[in-house]
Amino acid sequence: MTEPVGRLGSVALDCDNPRALAAFWAAVLGGTMRIETDSFCAVAVDGLLLVTVRVPNHQPPQWPDGDPKQFHLDVAVDDLDKAEGLTLAAGATKAAAQPNPESWRVLLDPAGHPFCLTTLIPH
C-alpha cells in the first residue's frame with residue numbers, strides 16, 4: 001500500500017462499566033469526556049479517543065497470558081467502502097458479526113486481531 005487507508009482514531013477498552021473506566025482514564029491522562037452513555041464512552045486525549053465499551057459477561061484480563069481479548073484499534077476513515085476494499089486487499093478479512101456496518105466495519109488483521117474502520121471519529 002502506498003498511501004494509508006486511514007489514521008488511528010481510537011483505542012477501545014472492553015469493560016463492564018464504561019462510565020467509571022472512562023472517568024478513570026480522563027483523570028489519569030487529563031482527557032475530556034466527549035461521549036458518555038451507559039454502554040459507550042469516549043475520552044479525547046491529544047487527538048486520539050480512548051473509548052470504553054460495555055461487553056456482556058466481561059472478564060478482566062489475566063496477566064501475563066492476556067486472555068481474553070480486551071481492546072481493539074479503531075481506524076478513522078472518510079469512505080468505509082473504499083477503506084474496507086483497501087484493507088481487505090492488504091490482507092485483512094471481514095468479521096462475520098457487523099453490528100453497525102453503516103458507521104463502522106469490523107475486520108480481522110492477518111493474525112486474527114479485530115479492529116474497526118469507522119467514519120464516526122472527527123478529524
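These legends go with a set of close-up views of the predicted model. It's a prediction, so local features need pLDDT of at least 70, side-chain atom pairs count only at pLDDT 80 or more, and totals for chains, interfaces and linings use all residues. Residues are numbered from 1 along each chain as its sequence is written, and side-chain values use heavy atoms, with hydrogens and water left out.

**View 1. Helix 2 and its buried face.** Helix 2 covers residues 80-89, and its buried residues are L80, A83, E84 and T87. (Helices are DSSP runs of H or I with at least four residues, strands are runs of E with at least two, and both are numbered from the N terminus; buried means under 20% relative accessible area, exposed over 50%, and partly exposed in between, with a 1.4 Å probe and protein chains only.) Looking down the axis of helix 2, the buried residues fall within an arc of 100°, so they line one face of the helix; the arc is that of the directions from the helix axis to the C-beta atoms. An α-helix has 3.6 residues a turn, so residues three or four places apart point the same way. Over on the other side of helix 2, D81, K82 and A89 are exposed. The buried residues pack against strand 6 (93-94), strand 7 (104-108) and strand 8 (114-118), where contact means heavy atoms within 4.5 Å.

View 2. At the N-terminal end, D79 does the capping: one of its side-chain oxygens sits 3.1 Å from the backbone nitrogen of D81. (A polar contact is a pair of N or O atoms within 3.5 Å; within protein, one must be able to donate a hydrogen and the other to accept it, and residues adjacent in sequence count only if both atoms are side-chain atoms.) After helix 2 comes G91, with a positive phi near 125°.

View 3. T87 belongs to helix 2 and is buried at a relative accessible area of 10%. Leaving out neighbours within four places in sequence, T87 is in contact with V5, A92, F115 and L117. S103 sits in the loop between strand 6 and strand 7, and its 15% relative accessibility counts as buried. With neighbours within four places in sequence again set aside, the contacts of S103 are L80, L117, T118, T119 and L120.

**View 4. T52 and its surroundings.** T52 lies in strand 4 and is buried, with a relative accessible area of 1%. Not counting residues up to four places away in sequence, T52 touches L13, C15, P18, L21, A22, S39, F40 and C41. P18 also puts its backbone oxygen 2.9 Å from a polar atom of the T52 side chain. The C-alpha atoms of T52 and F71 are 9.0 Å apart, with the two residues 19 apart along the chain.

**View 5. Two loop residues with positive phi.** Most residues other than glycine have a negative phi. D46, in the loop between strand 3 and strand 4, has a positive phi near 50° and is exposed at 82% relative accessibility. N57, in the loop between strand 4 and strand 5, isn't a glycine either, yet its phi is positive at about 55°; N57 is exposed, with a relative accessible area of 72%.
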